[in-house]
Amino acid sequence: MQRVVGRGRFGGVDIEDRAGIGVPPEPVGKRVVIDQHALHERVIYEQLREKVLQKEVEKQRLLVPEPVQLSPTEFAAVLQSKELLADLGIDVEDFGGDTVLVSSYPAMLANFNPSELIRQLSEQLTAGNKTPDPRDLLDEILHMISCKAA
């Protein structure tokens, strides 16, 4: 028997943490094993989604805005999605050529490189060579951000 290292409640289910694996304390028929990283990611996703919908995402302003050079296609896609990115806490502006200037990004990603975040977002924006549906794009970006933050 593994020792219980923590207890809690999530979504109406009692959870015990036994040696790093979240499981219900009293099985009802079948035992359910929960991937804690995936659960943490989902909690962050739901919190961030709520903040985005209420336009309350906390931004981390950069002391020195960071220039990010992109391909012409990625550059156009990022500027075209400037409003959506602002809703996510990411402020970008045209810096000339194929370069954008990042002046803020989500505070929950304070330990991440803004350049890398913009590059990954630009890949999402240009995937499939078609203009993505804003709702689908928002969902994909929220999943990416919550995964990085978890």
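Figure 1. An α-helix has 3.6 residues a turn, so residues three or four places apart point the same way.

Figure 2. Three strands form an open sheet in the order E4-E6-E5, with antiparallel pairing. E4 and E5 are the edge strands, each of them pairing on one side only, and the twist from one strand to the next averages 20°. Between E4 and E6 the antiparallel pairing runs over 7 bridges, and Val68 stands opposite Val100 in E6. Helix H4 packs on this sheet, where it touches E4, E5 and E6, and the direction of H4 makes about 65° with that of E4.

**Figure 3. Pro65 in strand E4.** Pro65 is found in strand E4, and with a relative accessibility of 34% it counts as partly exposed, because partly exposed residues lie between the limits of 20% for buried and 50% for exposed. Leaving aside neighbours within four places in sequence, Pro65 is in contact with Leu101, Val102 and Ser103. Pro65 and Asp91, which are 26 residues apart in sequence, are 9.8 Å apart in space, taken from C-alpha to C-alpha.

**Figure 4. Ser122 in helix H4.** Ser122 is found in helix H4 and has a relative accessible area of 0%, which means that this residue is buried.

**Figure 5. The largest nonpolar core and the surroundings of Val100.** The largest nonpolar core has 29 residues, and those with the most contacts inside it are Leu88, Ile90, Val92, Val100, Ile118 and Leu121. Two or more residues are given to this core by each of the helices H1 (36–53), H2 (72–80), H3 (82–87), H4 (114–126) and H5 (134–149), and by the strands E4 (59–69) and E6 (99–106). H5 gives the most to the core, with 6 residues. In soluble globular proteins, nonpolar side chains tend to be buried together. Val100, not counting residues up to four places away in sequence, touches Glu66, Pro67, Val68, Leu70, Phe75, Val78, Leu79, Val92, Glu93, Phe95 and Ile118.

**Figure 6. Confidence along the predicted model.** The mean pLDDT of the protein is 78, and 73% of its residues reach 70 or more. Confidence is highest in strand E5 (residues 91–94), at a mean of 96, and lowest in strand E3 (residues 21–23), at a mean of 46. Over residues 20–25 the pLDDT is below 50, and this stretch has 26 contacts in the model beyond near neighbours in sequence.

Terms used. Residues are numbered from 1 along each chain as its sequence is written. This is a predicted model: local features need pLDDT of at least 70, side-chain atom pairs count only at pLDDT 80 or more; totals for chains, interfaces and linings use all residues. Side-chain values use heavy atoms; hydrogens and water are left out. A nonpolar core is a set of buried Ala, Val, Leu, Ile, Met, Phe, Trp, Tyr and Cys residues joined through side-chain atoms within 4.5 Å. Buried means under 20% relative accessible area, exposed over 50%, partly exposed in between (1.4 Å probe, protein chains only). Helices (H or I, at least four residues) and strands (E, at least two) are DSSP runs, numbered from the N terminus. Contact means heavy atoms within 4.5 Å. pLDDT is the predictor's confidence in each residue, from 0 to 100. Two strands pair if DSSP finds at least two bridges between them. Axes are lines fitted to C-alpha atoms, for helices over the stretch in contact, and angles run from 0 to 180 degrees between N-to-C directions.
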